[in-house]
Amino acid sequence: MRNFDSESHDWSDSYSLEEVRLVVPRVRPLDTGDALAAALVQVRLDLKLPTEFSPEVEEAAEAAVAAFEPPEHDLTHIPFSTIDPDGAIDLDQALYLERTGETLRVMYAIAEVPAFVWPGSAVDAEARKRGQTLYAPDSRVPLHPTVISEDAASLLAGVTRPAFVWTFDLDATGAVTATTLVRAQVRNRRQYNYAEVQDLLDNELADESLSLLPEFGRLRAELERQRGGASLNRPDDEVVLVDGTYVLERRSPLPVEQYNAHVSLMTGMEAARIMLEGNVGILRTMPAPNPETLAQFRRQVASLGCPWPENQNYGEYLRALDHSDPRALAAIHAATTLFRGAGYTVFDGEHPEDVIQAAVAAPYAHATAPLRRLVDRFVLVACEAIVADRKVPKWVRKGLPELPKIMARTSSLASRLESASVNAIEAALLSGRVGDEFDATVVSVRGDGGIIQIADPVITARISGTVTAGSTVRARLVTAEIATGTVEFVLV
């Protein structure tokens with residue numbers, strides 16, 4: 001379930017997670033006296049995560065909402081809809097698809113956060129401190145006050161909202177042939193969750209817009225395959241307490257989630273192209289996995305019964321995994337080690353040497369989650385100005401060099417939150433099995449022990465003793481302490 005590399009990572013670099021989906025298992029609400037619930041609360045206390053916004057920030061947010069003036073361009077006649085996890089309130093994206101002759105047109109509305117977060121305001125200053133929304137298994141720490149993120153800027157159904165509206169014209173292969181971007185008023189006709197849309201598609205009851213999603217998704221997936229991209233479609237995990245025992249329930253992503261995610265991926269690629277052509281902006285870059293990481297991943301997936309053929313690239317391998325097979329889902333979890341080393345690259349004038357995001361296999365930028373990620377606000381404003389043939393605002397150009405440090409710092413905090421939370425969850429899942437023995441594969445050697453991969457439950461853990469990478473061992477669980485998140489194995 002977890003990894004032990006110290007470098008922070010960003011799951012949103014897997015395209016299906018571009019919307020900043022949760023990176024650790026959710027915990028179905030537990031009694032406040034429950035050991036796991038208490039441990040997760042303590043994690044947030046130890047990390048000193050903020051629990052609220054200051055009165056100054058809240059007042060500034062309310063003032064910005066009260067002073068808001070809608071953009072002149074009106075696209076409220078377009079029947080946009082949103083597709084999000086069930087219960088979502090902070091809605092960043094709304095979409096509409098239509099057929100134009102033999103090809104497709106995609107319109108994608110992104111929440112216009114800059115309309116409510118003024119440069120130099122208290123809200124802006126706080127957002128630069130927070131950097132991004134932090135996700136815990138049982139809660140989240142939002143980037144912006146909820147009067148903005150869950151109301152005025154959120155693309156909620158049935159109300160008019162400001163948005164950055166992208167329009168993409170595609171050719172018969174799904175490649176983008178023309179892109180426009182304008183600020184406009186939009187109206188979300190309906191908020192769907194993923195299961196609802198999948199049901200409509202399966203029963204041929206979807207409206208014209210939604211019914212085009214599978215065709216769009218297949219075309220874009222083929223383009224991804226051709227350029228050598230790789231996607232990590234992780235399952236959703238949820239921890240539940242059943243008869244006094246913690247159990248991990250797993251749900252594979254629905255096809256519609258992958259179709260919808262390709263819209264976001266396409267937008268990020270176009271945003272990168274626009275900024276490169278405009279000679280100013282910030283890209284999301286990531287190197288290809290190194291040979292040692294690839295070798296370790298091969299050992300892990302082999303131990304799970306899903307060997308990776310030598311003549312297959314990792315993108316093709318991940319696409320071929322059967323999400324209905326628990327072993328394949330475990331392999332997908334293990335693949336998180338391949339998506340490492342991501343960072344932000346700023347340029348203003350000359351292009352940087354490395355502009356590629358390796359998992360995307362193309363230049364790419366974060367542009368579709370401004371309610372939940374600071375950098376997207378700058379990208380959207382820069383792109384809109386470049387497309388309109390205006391100068392990129394001074395506050396954007398001045399702020400760009402600061403963003404990599406801000407995002408790295410807050411991503412490190414997110415990584416620590418994830419790591420500590422997963423430690424507690426793994427200890428909970430194993431808490432009733434102290435003394436049990438497990439078959440495991442050693443995926444790497446560390447210090448006086450190593451890292452082992454267990455298939456059931458899917459856990460990567462430390463083991464004490466002399467071990468050899470790639471060997472199969474028998475491991476006994478000696479400690480599973482929820483309060484400290486301590487899990488210890490020894491060789492049998």
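Predicted model: local features only at pLDDT ≥ 70, side-chain atom pairs only at ≥ 80, totals over all residues.
Figure 1. Let's start with tryptophan 166, which is buried at a relative accessible area of 0%. Phenylalanine 168 is buried too, with a relative accessibility of 0%. The structure holds seven aromatic pairs, and these two residues make one of them: the ring centres lie 5.7 Å apart with the planes at 15°, so the pair is stacked.

**Figure 2. Phenylalanine 297 and tyrosine 317 pair edge-to-face.** Here the ring centres are 5.9 Å apart and the planes stand at 80°. Phenylalanine 297 belongs to helix H9 (residues 291-303) and tyrosine 317 to helix H10 (residues 314-320), so the pair ties together parts that are 20 residues apart in sequence. Both partners are tucked away: phenylalanine 297 is buried at 0% relative accessibility, and tyrosine 317 is buried at 4%.

**Figure 3. Helix H3 crosses helix H14.** The axes of H3 (residues 122-130) and H14 (residues 403-430) come within 8 Å and cross at roughly 60°, which means that H3 is oblique to H14. On the H3 side, look for Arg128, Lys129 and Arg130; they meet Ile406, Arg409 and Thr410 of H14. The residues of this contact comprise four charged, one polar and one nonpolar.

**Figure 4. Arginine 130 over an aromatic ring.** Arg130, one of the H3 residues that meet H14, also lies over the face of phenylalanine 53, 3.7 Å from the ring centre.

Terms used
Residues numbered from 1 in each chain as written. Heavy atoms only, no water. Axes fitted to C-alpha atoms, helices over the stretch in contact; angles between N-to-C directions. Helix = DSSP H or I, 4+ residues; strand = E, 2+ residues; numbered from the N terminus. Parallel < 35°, antiparallel > 145°, perpendicular 65-115°, else oblique. Contact = heavy atoms within 4.5 Å. Nonpolar A, V, L, I, M, F, W, Y, C, P; charged D, E, K, R; others polar. Phe/Tyr/Trp six-rings, centres within 6.5 Å; stacked < 30°, edge-to-face > 60°. Buried < 20%, exposed > 50% of the residue type's maximum accessible area, 1.4 Å probe, protein only. Lys NZ or Arg CZ within 6 Å of the ring centre and 35° of its normal.
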